[in-house]
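Subject: Structure handover

Hello,

The structure is below. My notes on the helix packing and the sheet follow it.

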Amino acid sequence: QLRVDANQGWEAAQAVRIIRAMEDKGLCLDLVEQPVPAMDIDGLEHVTRNVETPILADEAVFSPRDAQNIRRRAADLINIKLMKTGGIWNALQICRMAEENGVECMLGCMLESRLSVAAAAHLAAGQKVITRADLDGPSLCAVDPYEGGPEFDGAVIRMTDDAGIGVRNVPCEFWS
């Protein structure tokens, strides 16, 4: 299955045409992420209602308040990123709202180290409403200064029995 991230690059009508063309070609699409500009909630809803492929809201949902748009089904899925939402507390609020409205979530990350992605992995493992994850940040880092925590092995994340989020040997000598 393919995941397509339009990164807010299309207008609503254009997104519908492009996604339908991919569907007509028989591409096995898991989802299309943020096809229209973040603030175009009406456009996002238009796309969601007019294609078969699930639509994932990413930049359109930074906060629990933004997640209220799921009540009108502006998207099929919500992408939660801890760095975007402001941390675990807000992410949990978004999860609660999504679950109440029957909307699944994906947990994503930005270019982040093992330290923050470990917290995201724990959140994903602990929330049944999170059905997908895109936590590749540590694999994109040339140097990983941390030890412990979840083990990242390609597309597989293995949780460990380490205490807390499991990350240790945080290089404190750089803090001043």
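First, a term: axis angles under 35 degrees count as roughly parallel, over 145 as roughly antiparallel, 65 to 115 as roughly perpendicular, and the rest as oblique. Axes are lines fitted to C-alpha atoms, for helices over the stretch in contact, and angles run from 0 to 180 degrees between N-to-C directions. Helices (H or I, at least four residues) and strands (E, at least two) are DSSP runs, numbered from the N terminus.

This is a predicted model: local features need pLDDT of at least 70, side-chain atom pairs count only at pLDDT 80 or more, and totals for chains, interfaces and linings use all residues. Residues are numbered from 1 along each chain as its sequence is written, and side-chain values use heavy atoms, without hydrogens or water.

Helix packing

Helix H1 (residues 12-24) and helix H2 (residues 41-50) have axes that come within 9 Å and cross at roughly 25°. H1 and H2 are therefore roughly parallel to each other. H1 contributes Ala12, Ala15, Val16, Ile19 and Arg20 to the contact (heavy atoms within 4.5 Å). H2 contributes Gly43, His46, Val47 and Asn50.

The sheet

Six strands form an open sheet, ordered S1-S2-S3-S4-S5-S6, with parallel pairing (two strands pair if DSSP finds at least two bridges between them). Strand S1 (2-5) and strand S6 (130-134) are at the edges with a single partner strand each, so one side of each has no neighbour in the sheet. The twist averages 30° from one strand to the next.

Strand S5 (residues 104-108) runs parallel to S6, and four bridges join them. Cysteine 105 is opposite isoleucine 130 in S6. Glycine 108 is opposite aspartate 134 in S6.

Best regards
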